[in-house]
Structures are given as structure tokens and as C-alpha cells.
Amino acid sequence: MDLSNVQSSEIKNLDILAKQVVEGFITGMHKSPFHGFSVEFSEHKLYNKGESTRHIDWKLFAKTEKLYTKKYEEETNLRCHIIIDNSASMHYPIVKKQTVDSLNKVGFSAVAAATLMEIFRKQRDAVGLSIYADSYEYYAPEKGSERHRKMLLHQLEQLLVSESNATTDTYKYLHEIAEKIHRRSLIFVFTDMFQTSKDNEALFEALRHLKYNKHEVVLFHTFDAKTELNFNFDNAPKKFVDVETGEEINVYAENVQEKYKEIVENYFKELKNKCLQYQIDYVPVDIHAGFNQILTKYLISRKKFK
């Protein structure tokens, strides 16, 4: 989304930022072909001719030139669980201070999770959170209270200032998380899909485990397209260091760029096909492409989940 109205300073209040992002998304949605999704928001519905005008939201009408009435039913519609990989590779690229226009992968995931939670709040959906790397760092079950949401936001804010040299044990902790989520839920996984100790088959077996109990699983494959997909570096000699294994290699980027892109693009296709096979929604997410891709996918998944 366009974040030109959001200051490009250090992120100090994730809750306020999430509200700004969601407000911009909703306003844009009313002006786009996706405006039909707006009736999914539990506090508004389209006004029907003949109904009382007492509950029309005139402020929303001023923005959208469409009539919506406010709804006041108290209900929790869905259960959602967000899972974030906090291993060392997710802390790439290195940034001194996380800002809206300069985020590493885990920072992007934290802000994206906060914006999802703001939409969950509007939808009165319950939300839980899991964070892992080479240990199960944090778990909170799905709840819908404001106190619970604030607690989760605090955990996400910690990710924005954290560092990590942990290896990735995604397959192990996805199995553990799957054992904790018993009631049918929408599950969102943020990971860069780097796995140092097991092959991809073990990782997909863990993702399949999340599909038990009729969960809907969305895999947000999080990456920096400029360098991790396109290998766009200047052609000076560089030392590349694997942040999880410490392995080093010296190369001229231009000499390997074409072959590198071919290998990575094939890997992405393989991931997509594997997810399709296991009925997992695969969403490649460039951390420089904004948060609309995340929020739109949620609305589409929510519609299917019902």
C-alpha cells in the first residue's frame, strides 16, 4: 500500500502504525474492484433501501459515497493463528533501525502480523501467536480480548528490535504448534523457507500436520526480492556469509547472477507446486511490496474458510 502518509521514522508504536495501514487499505478497497469485501467487516453492512437511516455511517459515506449502516452484534467469527519464523536468516537484510520503508524479513512479518490483528479486531476474530527459531520462543492461544491483542502487539514490537543467530528448525516447531491448535482455525505462517538441518520434505510434512482438524493454512514465503531473488549486487568482489551456518564464499555477483536466478526461480516454482499438492495457500511475499498483499489474502481466505 502507499505509506506516504506514514512517517519513515523508527517504528515506536506498532498499534498506531497497524491502524494507519488498515485504514488506508480499507479506503482503497472501497475505491477498487475489491469493495465487495467491505461488507464482510462485522461493524458495517450495505444500507438497503427502506431500512431505518438511524444507523447510517455518514463519515464512511463522505469517504466512499456509499451508504453503510453500523452493526452492533457482539460475536467472534473465526479463530486465527499467526506463526513467525525468528531465525537468523529472517533478520536479513541488516538494518540499523526498522522503519516502515526499511524492514528486514522478521520486521516486515511483525508489522504484517500487527495489521492482520487490527483487521481481526474489526472482524471480532480471535487470534493466537507463535514465534520460533531453534526453540519455541513464544506461544499464546487464540483469544479475542483487547488485553490479549495488546499482549501480542508487545511481542511483535520485541521482534522489531531483536537480533538472532539461531538456526531454523521450522519443521520441528510446526509439529509442536499443530499439536496445540485443536479447534478449526485460519493459520498464517511467515517464514523465508530456509531450512539448514532437514530437507524440504520434512518441512512440508510439518505443514501438512497443520492441515489436520480442517485448518486453512496460508504460507507467506517472505523474502527480499532485490537480493535474494534477483541477486542484484554491484559487481565488486564480495564475501557472502550464511548467517545460520557461517559458511562463506567469495564471488563476483555478475558472474553467477543468471544461474542463481534460474535456481531460485525453480525453487519458488517447486514450493508453489508442493503447496498446491498439499492444499496449502502459497503466497510469495517481497518485503518491499507493502502490506496490501497480506490483507487481501486474508480477506480471500476468510471468505473461503466460511
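Strands E6 and E7 (residues 216–223) run side by side in this predicted model, pairing in the parallel sense over 6 bridges. Within that pairing, Ile187 stands opposite Val217 in E7. E6 also has strand E3 (residues 79–85) as a partner, again in the parallel sense, over 5 bridges. Here Ile83 is the residue opposite Val189 in E6.

Is strand E6 buried or exposed? Since 6 of the 6 residues of E6 (residues 186–191) are buried, the strand is largely enclosed by the rest of the structure. In a regular strand, side chains alternate between the two faces of the sheet. For E6, Leu186, Phe188 and Phe190 lie on one side, with Ile187, Val189 and Thr191 on the other, and both faces are covered.

Now for the aromatic rings. The model has 13 aromatic pairs. One of them joins Phe188 and Phe220: their planes are at 10 degrees, so this pair is stacked. Because Phe188 belongs to strand E6 and Phe220 to strand E7, the pair ties together parts that are 32 residues apart in sequence. The rings of Tyr267 and Phe268 are arranged edge-to-face, because their planes are at 65 degrees.

| Ring pair | Distance between centres | Angle between planes | Arrangement |
|---|---|---|---|
| Phe188 and Phe220 | 6.0 Å | 10 degrees | stacked |
| Tyr267 and Phe268 | 6.5 Å | 65 degrees | edge-to-face |

Phe188 is buried at 0% relative accessibility, and Phe220 is buried with a relative accessible area of 0%. Tyr267 is partly exposed at 22%, whereas Phe268 is buried at 15%.

Which residues do ring pairs link into a cluster? They are Phe120, Phe188, Phe190, Phe220 and Tyr298. Elsewhere, the charged end of Lys180 sits over the ring of Tyr139, 4.6 Å from its centre.

Note on methods. Residues numbered from 1 in each chain as written. Predicted model: local features only at pLDDT ≥ 70, side-chain atom pairs only at ≥ 80, totals over all residues. Heavy atoms only, no water. Buried < 20%, exposed > 50% of the residue type's maximum accessible area, 1.4 Å probe, protein only. Helix = DSSP H or I, 4+ residues; strand = E, 2+ residues; numbered from the N terminus. Pairing = 2+ DSSP bridges. Phe/Tyr/Trp six-rings, centres within 6.5 Å; stacked < 30°, edge-to-face > 60°. Lys NZ or Arg CZ within 6 Å of the ring centre and 35° of its normal.
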